[in-house]
Amino acid sequence: MAVPEKVLTNDDLAAIVETTDEWIVTRTGIRERRIASERETTATLGLKAAQRALEIADMLPADLDMVIVATSTPENIFPSAASLIQAWLGANKAGAFDLSAACSGFVYAVNMAAQAIRSGSIKTAVVIGAETMSRILDWQDRGTCILFGDGAGAVVLRASGTPGGVLSAVLRSDGTGGDLLGIPTVGSLDMHVPDTLPNGHKLHKMHMNGSEVFKFATRVIAESVHQALEMANLSVRDVKLIVPHQANTRIIQAAARALKLDESLFMLNLDKYGNTSSASIPIALCEAVQQGKVQDGDHLVFVGFGGGLTWASMVVQWGAPEQEERQRFNRQRRQLSYVGAYWRGRLARLSRQVAEAIARIRPERGRMSRLRRRLDSYDIE
Ligand code: COA
């Protein structure tokens with residue numbers, strides 16, 4: 001995982017909008033969140049998380065077949081954040097794409113990667129959830145700006161002979177709720193939209209109908225977790241840990257009640273990071289692993305829900321593949337790959353600029369010599 005250093009507390013927020021630490025903590029469970037610096041972007045945070053995941057998996061970027069970034073806040077429509085990260089890693093044999101399924105995106109992306117590995121079309125993938133939500137928040141809307149934060153998390157998936165990994169996945173969407181949560185931005189429909197749309201939503205700023213999203217979330221978590229467990233022939237008793245999308249403690253408490261499970265079975269760290277959208281599950285998973293809550297062979301459930309509307313549940317059997325001997329020079333080779341990727345990128349851009357400059361001069365020279373021949377034919381100096 002990778003989160004920005006800058007912390008924004010509830011008290012800091014109370015200086016910006018009419019709210020209090022007490023209101024935010026009791027209604028959401030959030031105490032603080034991280035905010036990207038000017039230099040940080042979705043792809044730079046995603047890159048850091050991916051590099052750390054490669055470090056733990058002791059893999060070289062050149063061995064990656066696929067880079068997938070689940071995000072709602074990419075730098076551009078294209079090039080994708082995934083392509084930027086692929087280049088910065090020096091993952092020269094990998095395909096790369098962004099996946100848009102809002103806060104469910106990470107679960108969707110892990111399933112895409114796992115199925116590609118199962119089918120045999122690829123062997124390894126890095127799946128990243130990365131967001132800079134602070135860039136698309138309406139900092140005058142206290143109903144949304146208090147909820148979200150920035151960050152990234154990543155996992156490496158690898159083909160293995162050991163049974164386990166992704167055991168089942170339920171991916172769902174209900175686009176009829178598309179108006180409940182969104183970020184209207186310049187799309188292919190209209191290039192000449194005013195800053196404020198006829199329905200009152202601001203261009204490039206998130207809007208949300210909080211209470212409707214709350215009801216939707218509590219309903220789909222319990223429903224889809226049951227479905228995913230059934231598909232994996234498991235029951236809730238087999239589950240060691242549920243890693244839910246970190247939106248709101250009350251949503252998770254309601255889901256625990258609906259599933260008749262103890263709240264302690266749910267990994268929670270939203271008090272520190274707020275809702276980091278597609279990054280929240282991998283960040284929570286990372287901290288669960290760090291805290292020793294996840295052991296080899298454990299059954300975990302990931303459950304995401306959010307804009308679209310979309311939701312997704314997944315049952316995973318955790319396990320690192322057979323620990324082959326760590327390659328002695330892998331760490332140095334990874335560093336070399338990052339440095340090499342940086343210079344390759346700079347060189348590629350520089351050589352294009354030189355080629356363009358030469359192309360600009362050449363026709364000039366062609367025109368000048370034609371003019372000179374013409375003048376010569378008139379015998380004029
Ligand atoms: N500080 C203080 N008061 C606030 C506030 C804030 N930050 N935000 C809203 N309020 C006020 C409202 O204006 C309202 O006042 P009113 O009764 O005078 O009109 C009152 O608090 C209750 O608002 P309401 O929206 O009903 O609160 P709520 O209990 O539903 O909590 C959310 C609001 C946003 C915390 C809650 O709806 C929620 O978490 N929804 C799910 C959002 C989510 O997780 N989205 C992401 C999904 S991926």
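A polar contact is taken here as a pair of N or O atoms within 3.5 Å; within protein, one atom must be able to donate a hydrogen and the other to accept it, and residues adjacent in sequence count only if both atoms are side-chain atoms. The structure is a predicted model, in which local features need pLDDT of at least 70 and side-chain atom pairs count only at pLDDT 80 or more, while totals for chains, interfaces and linings use all residues. Residues are numbered from 1 along each chain as its sequence is written, and side-chain values use heavy atoms, with hydrogens and water left out.

In Arg250, an N or O atom of the side chain lies 3.3 Å from an oxygen atom of the ligand. The side chain of Arg27 places an N or O atom 2.7 Å from an oxygen atom of the ligand. For Trp23, a polar side-chain atom is found 3.4 Å from a nitrogen atom of the ligand. Around the ligand there are 22 residues, a residue being counted as near if one of its heavy atoms lies within 4 Å. Of these, Thr19, Arg27, Arg142, Gly210 and Asn248 come nearest.

The chain is assigned two domains, domain 1 (7–317) and domain 2 (330–381), with bounds that come from an automatic or database domain assignment. Their centres, taken over C-alpha atoms, are separated by 44 Å. The contact (heavy atoms within 4.5 Å) takes 12 residues from domain 1 and 8 residues from domain 2. Between the two domains an area of about 880 Å² is buried, 42% of it given by carbon and sulfur atoms; buried area is the accessible area (1.4 Å probe) that two parts lose on being put together, summed over both. Glu55, Asp58 and Leu60 supply 51% of the area that domain 1 buries against domain 2, more than any other three residues.

The interface of domain 1 and domain 2 holds 6 residue pairs in polar contact, with both residues at pLDDT 80 or more. On the side of domain 1 that touches domain 2, helix H3 (42–57) and helix H4 (81–89) each supply at least two residues; helices (H or I, at least four residues) and strands (E, at least two) are DSSP runs numbered from the N terminus. Salt bridges, defined by a side-chain nitrogen of Lys or Arg within 4 Å of a carboxyl oxygen of Asp or Glu, number 3 across the interface. Glu55 forms a salt bridge with Arg331, and the closest N and O atoms are 2.8 Å apart. Because Glu55 lies in helix H3 and Arg331 in helix H10 (residues 330–377), this pair ties together parts that are 276 residues apart in sequence.

Backbone geometry was considered last. Most residues other than glycine have a negative phi, and most peptide bonds are trans. Asp58, in the loop between H3 and E3, has a positive phi near 50 degrees. Phe78 and Pro79 are joined by a cis peptide bond with omega of about 5 degrees, and Pro79 is placed in the loop between strand E3 (66–70) and H4. A cis peptide bond also joins Gly308 and Leu309, with omega of about -10 degrees. Leu309 is placed in the loop between strand E11 (299–306) and strand E12 (310–317).
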